[in-house]
Amino acid sequence: LREDRIHHASTAFVTATLGPMYATPPEVSVQRVIEEATPTTPILWLLRDGADPSMEIEVLAKKTKQRILCLSMGSEHDSTQWEIAKKALESGAWLLLQNAHFGIPLLQKLREYTEGLGRGETIKVQPEGRILITSEITPDLPPWIIENSSKLAGNMPMGIKSSMRNALGCLTSDMLGSYKRSEYRTLVYVVCLLHSLLQARSRFGSSGWSQEYAFHTLDVSSAVMFLQSHFSVIGDGGECVVPSQVSWNG
């Protein structure tokens, strides 16, 4: 059997026998999940195949004018991070703990805090507050977070079309409309298309690459920010671009 054809053959078989709706995974609405959650129940995203909802969450927070605090786990200052996180929760902000598998000690403090909320020991909790966690699937993840959270599995989009939709969806309206030059939106589209192709290619593993890398939606936003920095130098006028003004160094 050819591993690179099993998925396509299975999809074609299910589509032919049951219908296309059974071959297309349903898209999870991050906004709906957050709206239906409570301040005392964490939402846990299990990361797989480079899928990371962090950018989508930040875009949603900006769109809804909701304050959000993003903490990237792995820092040695867990106690300081927790004090910052606690203040954010008590003020009604969203708390996003990224890559929580690198910050297990902080998760233990989060457990004590949420259990205190459940017993009514902590009264400083706002109804709009949310606890959002992203983590890879690892045995080190505490059992309590698995048992007492709303769990979502983040999978890589299936196909170029779905990947393009996700890539464009993670960009804010400011990113898409930063410049009026026709080249800008064309380049943004090319960046999203290239990202989608790389995601599709990564399904074949590290074969043909110097190392295996999971292409996240954060890579798309970083590439678009790179474009923005160059267009800020080029300008937004209608004149031709001077080649010497464009740097091709990464």
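Q: How are the axes and angles of packed helices defined?
A: Axes are lines fitted to C-alpha atoms over the stretch in contact, and angles run from 0 to 180 degrees between N-to-C directions. The model here is predicted.

Q: Why is α7 called oblique to α9?
A: Helix α7 (residues 160–169) packs against helix α9 (residues 182–201) at an angle of about 130 degrees. Their axes are 9 Å apart. Roughly perpendicular ends at 115 degrees and roughly antiparallel starts over 145, so an angle between those limits is oblique. Therefore α7 is oblique to α9. The crossing of this pair, α7 and α9, is right-handed.

Q: What makes α9 roughly antiparallel to α10?
A: The angle between α9 and helix α10 (residues 217–234) is about 155 degrees, with the axes 10 Å apart. The cut-off for roughly antiparallel is over 145 degrees. Therefore α9 counts as roughly antiparallel to α10. The crossing of α9 and α10 is right-handed.

Q: Why is leucine 18 called exposed?
A: Its relative accessible area is 56%. Exposed means over 50%, so leucine 18 qualifies. Leucine 18 sits in the loop between α1 (3–17) and α2 (30–36).

Q: What makes Leu18, Met21 and Tyr22 a nonpolar patch?
A: A patch takes residues with over 30% relative accessible area and no salt bridge, and nonpolar side chains are joined within 5 Å. Leu18, at 56%, is exposed. Together with Met21 and Tyr22, Leu18 forms such a patch on the surface, with about 400 Å² of accessible area in total.

Q: How do you know that glutamate 36 and arginine 32 form a salt bridge?
A: Their closest N and O atoms are 3.1 Å apart. The limit is 4 Å, so the pair of glutamate 36 and arginine 32 counts as a salt bridge. A search of the whole structure finds one salt bridge. Both glutamate 36 and arginine 32 are exposed.

Q: Why are glutamate 36 and arginine 32 separated by about one helical turn?
A: Because they are four residues apart in helix α2.

Q: Why is lysine 65 called exposed, and why is asparagine 99 called partly exposed?
A: Exposed is over 50%, buried is under 20%, and partly exposed is in between. Lysine 65 has 78% relative accessibility, so it is exposed. Asparagine 99 has 25%, so it is partly exposed.

Q: What makes aspartate 52 buried?
A: Its relative accessibility is 11%. The limit is under 20%, so aspartate 52 counts as buried. Aspartate 52 is in the loop between β1 (43–47) and α3. Its C-alpha is 9.9 Å from that of glutamate 136, a residue 84 positions away along the chain.

Q: Why is leucine 71 called buried?
A: Leucine 71 has a relative accessible area of 8%. Buried means under 20%, so leucine 71 is buried. This residue, leucine 71, belongs to strand β2. Leucine 95 is 24 residues from leucine 71 in sequence, with 7.8 Å between their C-alpha atoms.

How values were computed: Residues numbered from 1 in each chain as written. Predicted model: local features only at pLDDT ≥ 70, side-chain atom pairs only at ≥ 80, totals over all residues. Heavy atoms only, no water. Patch = residues over 30% accessible without salt bridge, like charges linked within 9 Å, V, L, I, M, F, W, Y side chains within 5 Å. Areas by Shrake-Rupley, 256 points an atom, 1.4 Å probe, with all protein chains shown as cover. Salt bridge = Lys/Arg side-chain N within 4 Å of Asp/Glu carboxyl O. Helix = DSSP H or I, 4+ residues; strand = E, 2+ residues; numbered from the N terminus. Buried < 20%, exposed > 50% of the residue type's maximum accessible area, 1.4 Å probe, protein only. Parallel < 35°, antiparallel > 145°, perpendicular 65-115°, else oblique. Left-handed = near helix turned anticlockwise from the far one by under 90°.
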